Amino acid sequence: MMVGAFFWGGMSDKVGRRQCLLICMSMNGFFAFLSSFVQGYGLFLTFRLVAGFGIGGAVPIVFSFFAEVLSREKRGEHLSWLCMFWMIGEIYASAMAWAIIPHYGWSFSMGSAYQFHSWRVFVVACALPCVCAVVALTFMPESPRFYLEVGKHDEAWMILKQIHDTNMRARGQPEKVFTVNRIKIPKQLDELVEMGSESGNPVSKVFFRIKAEVHGMYLNLLKCFNYPMRENMMRLAIVWLTLSFGYYGLSVWFPDVIKHLQADEYASKVKIHKNEHIEDFTFNFTLENQIHKNGTFINDRFISMKLKSVTFIDSTFHNCYFEDVTSVGSFFRNCTFIDAFFYNTDIDESKLIDGTEVVNSTFTHNKKGCQMTFDDDYSAYWVYFINFLGTLAVLPGNIVSALLMDKIGRLSMLGGSMILSGISCFFLWFGTSESMMIFMLCLYNGLSISAWNSLDVVTTESFPTVRRGTGFGFCNALCKLAAVLGNLIFGSLVGITKAIPILLASSVLVGGGLVGLRLPDTRANVLM
């Protein structure tokens, strides 16, 4: 997504908003759909990377595309309503995950080679809105401002006339005629580029075109750092980095901390059995959350059972029979199996660890694939449910930011939202329970959403049409870079310390908010 944001944002300034957006969304939808059917992890990862490259360009293009057909008076409000659809998409994704993935009955398999689990249905469901967007985009016109920039004034005039006529019909004034008093002088095409593109064979022309477009994107990006845009570009970059680092870092940290709290509570209830001697006994029931130390099992049968978070330590199994055994989070540490027989189990070398010895034992028809279900890992329900609640919590902030964007100003909303978000992080000190952490997640998301909406509007309005996609794409690429760093840093601190994530998130959010207040107010600006 980081690479896609920069590449497609720059390309949209060269070949058009609509065309690039169609390619981006088609690429994402096609490869996201294919990824649900592939079986190998490497191929799955490749398809997701290509899909991410496509969808990465959607954000910078769609804001530029939409802003270029809006009037100045309502531009901030309508761009904020556009931001709300990010929230709607998140609600859709989290609701689909919560509703689809836990239903393992939806899966099917064709032998052991092909398996289609419920999470793959979820991947297909997430690709459907993208397909709908591609269909809708085929009926959308190109940005008239872009057409004016590249000298296609006739096409721009037709689109503006279509917009005018549609608006007049909606107002009940269809008799009003569209007139143009002044039009921007078309840009003159570089003759040397035209000569070069017409000469040579088709392959050389394609390479020449690609080279020219990439070079043009590079020059366009350099102009974003030239005077008088240099200071604003640096400030925008800082705000994008800080807001993304804090938001995405905490978004990973919150659910993992809740899962960690659940794991601690679960571990506190563990039952420990020492020095057992069990002989000629049949285990046909579930063992859960237990530790067995220095046990001896002779002529025992483990049949049609499940081991859930069970650990055997320094135990001996002599002449034992294991059939249809499923283990989740269970291990045999430094154990010894003598004359044991395993049939249709998932016990393999990954479960036999820390010096476990297997002597004269047989493994046949071992189970393949993941055997875990949501009955085994109830915390997985919480991941989707918490994500759903956190996403739903941004609804009030979205509505408030849309209604007040053109009234109180972009900068006040941007700086105030980031500073309040940073301050709210300090209340995480009191998050000692699941319910408290969920409440803090909702509060943080609700406060930070106004900053996102304001930043999208300010970034869109800060660049001229000829560099809007490039500038927004570069800032959005920084956003994804900060998200990667936030995921890595905050994720590594789960269960270790609360102080560093809280102080880090608070400092970057407050610092970014103060920098955001120094950005120029673009509320009254006419798009260049």
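**A buried serine and its helix neighbours**

Tutor: Not counting residues up to four places away in sequence, Ser424 touches Met440, Leu443, Tyr444 and Leu447, where contact means heavy atoms within 4.5 Å. This is a predicted model, in which local features need pLDDT of at least 70 and side-chain atom pairs count only at pLDDT 80 or more, while totals for chains, interfaces and linings use all residues. Residues are numbered from 1 along each chain as its sequence is written, and side-chain values use heavy atoms, with hydrogens and water left out.

Student: Which helix is Ser424 in, and is it buried or exposed?

Tutor: Ser424 belongs to helix H14, residues 410-424, and it is buried, with a relative accessible area of 4%. Buried means under 20% relative accessible area, exposed over 50%, and partly exposed in between, with a 1.4 Å probe and protein chains only. The helices (H or I, at least four residues) and strands (E, at least two) are DSSP runs, numbered from the N terminus.

Student: What about H15, how far apart are its ends?

Tutor: The end C-alpha atoms of H15, which covers residues 434-461, are 41 Å apart, and this agrees with the 40 Å that its 28 residues should span at 1.5 Å a residue; the expected span is 1.5 Å times one less than the number of residues.

Student: Switching to the core: which residues have the most contacts inside the largest one?

Tutor: They are Leu236, Trp240, Leu250, Trp253, Phe254 and Leu428, in a nonpolar core of 59 residues. Helix H11 (residues 230-267) gives the most to this core, with 13 residues. Such a core is a set of buried Ala, Val, Leu, Ile, Met, Phe, Trp, Tyr and Cys residues joined through side-chain atoms within 4.5 Å. Leaving aside neighbours within four places in sequence, Leu428 is in contact with Leu250, Trp253, Phe254, Met437, Met440, Lys498 and Ile502. A second, separate core has 19 residues, among them Phe317, Val325, Cys335 and Ile347.

Student: What does Cys224 touch?

Tutor: Beyond residues up to four places away in sequence, Cys224 touches Met229, Arg230, Met233, Phe463, Arg467 and Gly471. Cys224 lies in helix H10, residues 202-224, and is buried, with a relative accessible area of 0%.

Student: Now the strands: in which sense do S3 and S6 pair?

Tutor: Strand S3 (residues 271-274) and strand S6 (residues 287-293) pair in the parallel sense over four bridges, and Ile272 stands opposite Ile291 in S6. S6 also pairs with strand S8 (residues 301-313) in the parallel sense, over six bridges. Two strands pair if DSSP finds at least two bridges between them.

Student: Last one: which element has the lowest mean pLDDT?

Tutor: That is helix H9 (residues 191-198), at 44, whereas strand S9 (residues 316-318) has the highest, at 96. Over residues 188-198 the pLDDT is below 50, and this stretch has six contacts in the model beyond near neighbours in sequence. The mean for the chain is 84, and 90% of its residues reach 70 or more; pLDDT is the predictor's confidence in each residue, from 0 to 100.
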